[in-house]
Amino acid sequence: MACVAAALSSGCAQQTSESEAQAAGNGSAAAASPYANYTQAVRAAVQKTRETSARTVMKTEMGTTPGEPTHTITAKGAHDFARNSGTVNSKVEDVAEFDLVLTPERIYVRGTAGTETVPWSYTGRADAKVQHALRAPGNDPAHLLRQASMSSEYDRFGTETVAGTATTRYHAPLSHKALVLNMSKEMLGKSEQLRDMLGGEIPATADVWVDKQQRAVQIRLSMNIPGAVSSTTTLTLTDLGRAVKVTVPTAEGALDSDAPLAG
């Protein structure tokens, strides 16, 4: 596994004629599968959340081989999904802290890393790429919602309480297309290399918690290759529908940057 780690830091019966039975058997497999209904429910719930706003907490835990420490990144903020904008405060344990402002066109960032202070800078929203598996670029919660909605074969996992709210949890394999969504060229290459080494799909999953209003209120994406590498990101959304105020740094006070996005 060392090479893998290196590659990716009804009531009454009725007789049915043979022809009728055959016709029923030739129906859509998706329509006959319970996964289709669950997947439809999850996608509708995610879309409903994407049409509103919420307070967000995103926690990413990244690990490698057994015995090595797990690194945790926590990002708290507020996001207006309908307007594709929001604010985030991101902490990389006790090592660094960043403030981010997301607008439809740009991601602004400032913060501290060790003893260094980083003034406001920005990068184009379209230029922000995934640098680590299952970690959203720029701590953008909308990215995780998109990934969750790209998977199919959702099954009902049970009922749970999330942030004091009763929910239904759904679980599915995370599709490869969703896993590599918006990855940087380098990270995409590593992911394809890892896929070849494993001889099949990278083991990743998606969990979505849906409340009684049929909104997605929590998303969890996980990848675990025993003995090699793991990555889990959990996004919890509260106060759905509450207004979000976004103050954009002035152009004069922020510098354009082509460096990989921090935070």
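The model is predicted, so local features need pLDDT of at least 70 and side-chain atom pairs count only at pLDDT 80 or more, while totals for chains, interfaces and linings use all residues. Residues are numbered from 1 along each chain as its sequence is written, and side-chain values use heavy atoms, leaving out hydrogens and water.

Arg125 and Asp140 form a salt bridge (a side-chain nitrogen of Lys or Arg within 4 Å of a carboxyl oxygen of Asp or Glu), with their closest N and O atoms 3.0 Å apart. Both residues lie in the loop between strand S6 (116-124) and helix H5 (141-150), so the pair ties together parts 15 residues apart in sequence. Helices (H or I, at least four residues) and strands (E, at least two) are DSSP runs numbered from the N terminus. Asp140 is buried at 5% relative accessibility.

Proceed to Asp211 and Arg215, whose side chains meet in a salt bridge at 2.8 Å, N to O. Asp211 is buried at 2%, whereas Arg215 is partly exposed at 21%. Next, display Glu160, Arg169 and Asp207, which salt bridges with shared partners join into one network.

Then select Asp80 and Arg83, a salt bridge of 3.9 Å, N to O. Asp80 is buried at 12%; Arg83 is exposed at 62%.

Finish at Asn84, in the loop between strand S2 (71-80) and strand S3 (85-92). Asn84 is not a glycine, yet has a positive phi of about 55 degrees.

Conventions:
Buried < 20%, exposed > 50% of the residue type's maximum accessible area, 1.4 Å probe, protein only.
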